[in-house]
Each structure stands twice: as structure tokens, then as C-alpha cells.
Amino acid sequence: MINKTGLVFFPAFDWSISDIHPEREERLLYTRDQIFEEGVLDLPEIVEYSPRVATPHDISRVHFCVPNVDDQVLAAHRIAAGAAMRLSDRIINKEITNGFAIVRPPGHHAMRVVHGNRGFCSINNEAVVIEHLRRTYGIKKIAIVDTDVHHGDGTQDIYYHDPDVLFISFHQDGRTLYPGTGFTDELGGPTAYGSTINIPLPPGVTDKSLHYVVDNLILPVLQDFQPEFIINSAGQDNHYTDPLGSMLITAQGYAQLTEKLRPNLAVLEGGYAIETALPYVNLAILLALAGKDYSNVTEPDYQPGKNVENSKVTEYVCRMVDSLQTTWRKSKEITIDQLCGSNKYYQRPKNIFYDTEYFEEKQLEKVRTCFDCPGYVIIDSHAIQPKLGRCRVLAISIHNRCCKKCIAEAWDAYQEAKKDYRYSYVYLQDKTEDTFITFRREDQSEWLTEG
């Protein structure tokens, strides 16, 4: 049977940043009550699953956790990622058409290198799913549409140089909200130019402009890219009652978005209006995924016509959509030569702030600009972690479509870095062989995991 929607619910009772932090288990418990009271789990179109537990190797396909996975990841993180993996398996095996992982902790601010928790995130649940789908089922082209009010900077960081993963994020403008990124000129690295699309929206956007963006930009780009699998990073903090954002989206607006987007998998990210938004938005999205009538799902305080969008906001959004349509069309004509000239590597320095634990990481990221493959990435990362102290690492990631020449160069870079006393840890992530190696300088030890 097809036309079923899978649901995994994991509130992570034993994990929270603090008892009064917005990111706490009540976010999901109110949703659970709403779903139960509405009798949704009795619908034949919806089937509930238990989560699986992501292994350290599942996580190492995505992240360089410093010093290792067990130091950065708790059981709750592994279960949240494993819940999304469980649904992706059921979807690929055609037990269900689509799924909604209503889980926490969230993940879209977790970047490729992980020194700690930032933006309430330690590991990127969607990226763990993507690497699982690629390795296990050979899925080649995947799209992520991030609908959280905050820019999905972690997901962008992980796939910025990957031409096979299209990342689209609409969010409240980074000049007005954490994490301060996600602007229209962030378009992907030279080997993946155009595969990142950011849509920074001004505060005060209602369902009207949101759906203008969806209809005129997001859906046409998806149609053009032709992904084999679509993941929705489903943040519900664009809602008009959310305490962290300044947007005016309703539960109906979110449900209509889901109906148009038709994601294979939705994974809960943010949303902090625990009583006034999440139970209704999550319920409406679940019904939309299942093809059920959601028109009666409305918030208790909802008043038609109350949320009015400023005309300047509407005009601004229309202009930005026009500009991004042009950018998308022209991105296919831009070559690596035009972006990098004859340089062997593209490189960029990055400063990454861990707002939860209040420290900064400095990175130098280098990408091999190969004409035959997506190249490999080298990250020189330095941070002073609260628990570990000062630590400098070198991390090398080989894309699953790397050519033989790039693979050999990347392995040579790993061997050379092992001789460099500046690095406490050296990591190699070879996606062509599903291999992950860690070298620890302190005792000259090296260990390997394989899928």
C-alpha cells in the first residue's frame, strides 16, 4: 500500500539545554496531545514507527566531531537522526509515500565540523539522512527545502560544494535574526555554483508573500533540478505567535506549503510557540502529507484579516524573487574558470560562533577545483572548547563522485597532515569507500570505521 504517511515521534525527555530553555520537550508534547485528541493516529493513511538509533559511523559520514562522535553526541541526538533515517528507509522501500519525523534535538545549525552545540543543534539530522540514502540506496540528486525562520546555515555549510544536493532556504533576513547568514549572494562554491539558494525575507511576511515565493521560485527551481528525493527542514517558527521570529505565517499557510512542496520527508526543526502554534502547525502539516482535509485546523486566536502585510514588504519580496529567478537561470552558464581562474583551490576563511556554549571557531576551508568531479574539501579548524580546551584539527572530505586523481591527492594530504605537529587530530572522510579515519597525535593512534 502506498499513499500512507509515516510518523516518528521522539520528544527526547532526557535532553534539554536547560529547564526553562525554549528548546524543551514540551514543544512536542503539546503536539502529541493534539494529534491524539484529534484521533489522527486512527486514520488508515497514517502509520507510526519507532525510531532507530544512528550509529557513530552514520554520523561520521557527515560530521567531523571534535575530538570524536561520543564527545559531542548523546543518545537523544542519535535517536532523532535515526528516526529520520527510519522513515527514509520506509519511503524508499515504498511502505509509505512520505513521512514526518517530529523529533528533537533539531539539527540544521550543525555544520560539517562540530566543536559543540550551536543554535540548539549538535548534529544535522537531514544531512545524516542524505548520506544514508546515497550510500545505502544510491540516490544521486536530493533537494532540501528549509522552511525554518532561521537560516539553515549548518546544512548550507555541509553541502555548499556539493552539486548533487540542492539547498533552498527561506528565512527571516539575517540582518534581523540569528545566525546572521543566508543572503542572496551565497550561491554555492565553484564546483556547485547555483546549488544553494537563499531567500532572506523581511519581518512581517504573511502567507501571501510566502506562497508567492513558493509558486514563482521554489517550485520552478525544484522542477528544473529534478531531485529524486525532497527533504523539508520543517521549522515552524515563522508562525505569527512564535517568540523568536517576527513573521506572520499561519498553520493553513504551512499546510498549503506542504501540499505544494510534496516532500518525501519532513523533519522538525524549530518552532517555539509551544501552545499557540506547534500543535496546530504540526497537525496541519501531517494531514497535508497524508492527503487529508486540513481546512479546519486553525489556531485558537486566529482572526481572518488580522495579519496584514505591509505593501513595501510585498514589493520587496517580488523584486527579490525576480532577481533570484535570473540568478538561477544564469548560474548554469557560469564555469569554474570564471569563478576561480587557474587556481587549483578555492578557499575561504570562516568564523563560526557557538552561541549555546559561547566560543568561536576559526576555519580555513579549501576546495579542490577539479574539472572532472566535485573535488575534495580540506578544513583547517581551530577552537577553544570549554571542555577540551585549545584544539586544532585538519579534516578532509572526499565526495562520493570524486575522480581517482582527487582521491589520491586527498589521501596524500591526510598522510602529510599526520606529520604536522600543529594538528591534535586529523580526519579523513572518504565517501567513495564509506570510510572514516581519525588520527590522534597525542598517542599516534589511528582508528577506522567502515559502513
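I count rings of Phe, Tyr and Trp (its six-membered ring) as a pair if their centres lie within 6.5 Å, with planes under 30 degrees apart called stacked, over 60 edge-to-face and the rest tilted. The model is predicted, so I kept to pLDDT of at least 70 for local features and 80 or more for side-chain atom pairs, while totals for chains, interfaces and linings use all residues. I number residues from 1 along each chain as its sequence is written, and side-chain values use heavy atoms, with hydrogens and water left out.

**Entry 1: aromatic rings**

I looked up the aromatic clusters and noted one formed by Phe64, Tyr425, Tyr427 and Phe436. The pair rule gives a count of nine aromatic pairs. Tyr354 and Phe359 are stacked, because their ring centres are 4.5 Å apart and their planes stand at 5 degrees.

For accessibility I use buried for under 20% relative accessible area, exposed for over 50% and partly exposed in between (1.4 Å probe, protein chains only). Tyr354 is buried at 1% relative accessibility, and Phe359 is buried with a relative accessible area of 8%.

I then took Trp411 and Tyr414, an edge-to-face pair with 6.4 Å from centre to centre and 80 degrees between the planes. For element names, helices (H or I, at least four residues) and strands (E, at least two) are DSSP runs, numbered from the N terminus. Trp411 and Tyr414 are three residues apart in helix α12 (residues 404-418), so about one helical turn separates them. Trp411 is partly exposed, at a relative accessible area of 25%, whereas Tyr414 is buried at 0%.

**Entry 2: α4 against α5**

I describe two packed helices by the angle between their axes and the distance between the axes. The axes are lines fitted to C-alpha atoms, for helices over the stretch in contact, and angles run from 0 to 180 degrees between N-to-C directions. Helix α4 (residues 75-92) packs on helix α5 (residues 125-137) at an angle of about 40 degrees, and the axes are 9 Å apart. This angle makes α4 oblique to α5; the rule is roughly parallel under 35 degrees, roughly antiparallel over 145, roughly perpendicular from 65 to 115, and oblique for the rest.

The crossing of α4 and α5 is right-handed, meaning that the near helix is turned clockwise from the far one by less than a right angle, with anticlockwise being left-handed. I listed contacts as heavy atoms within 4.5 Å. From α4, the residues His77, Ala80, Ala81, Ala84, Met85, Ser88, Asp89 and Ile92 meet Asn125, Val128, Val129, His132, Leu133 and Tyr137 of α5. Sorted by class, this contact of α4 with α5 has nine nonpolar, four polar and one charged residues. In that sorting Ala, Val, Leu, Ile, Met, Phe, Trp, Tyr, Cys and Pro are nonpolar, Asp, Glu, Lys and Arg are charged, and the others, Gly among them, are polar.

**Entry 3: α8 against α9**

I found that α8 and helix α9 (residues 278-289) pack at about 25 degrees with their axes 8 Å apart. The two helices α8 and α9 are therefore roughly parallel to each other. Their crossing, α8 with α9, is right-handed. On the α8 side I have Ala251, Tyr254, Ala255, Thr258 and Glu259, which meet Tyr280, Val281, Ala284, Ile285, Ala288 and Leu289 in α9. The classes in the contact of α8 with α9 are nine nonpolar, one polar and one charged residues.

**Entry 4: Asn238**

I located Asn238 in the loop between β9 (229-234) and α8 (251-261). Asn238 is buried, with 1% relative accessible area. With neighbours within four places in sequence left aside, Asn238 is in contact with Thr147, Asp148, Val149, Phe170, Met247, Leu248, Ile249 and Tyr254. Tyr254 also belongs to the α8 residues that meet α9.

**Entry 5: backbone**

I checked the peptide bonds and noted that Arg104 to Pro105 is cis, with omega near 5 degrees. Pro105 sits in the loop between β4 (98-103) and β5 (113-114). The bond from Tyr178 to Pro179 is cis, with omega near 5 degrees, and Pro179 is in the loop between β7 (165-172) and β8 (196-201).

I also looked up positive phi in residues other than glycine. Ala12 has a phi of about 55 degrees and lies in the loop between β1 (5-10) and α1 (26-37). Ala12 is buried, at 0% relative accessible area. Arg262 has a phi near 50 degrees and belongs to the loop between α8 and β10 (265-268). Arg262 is exposed, at 68% relative accessibility.
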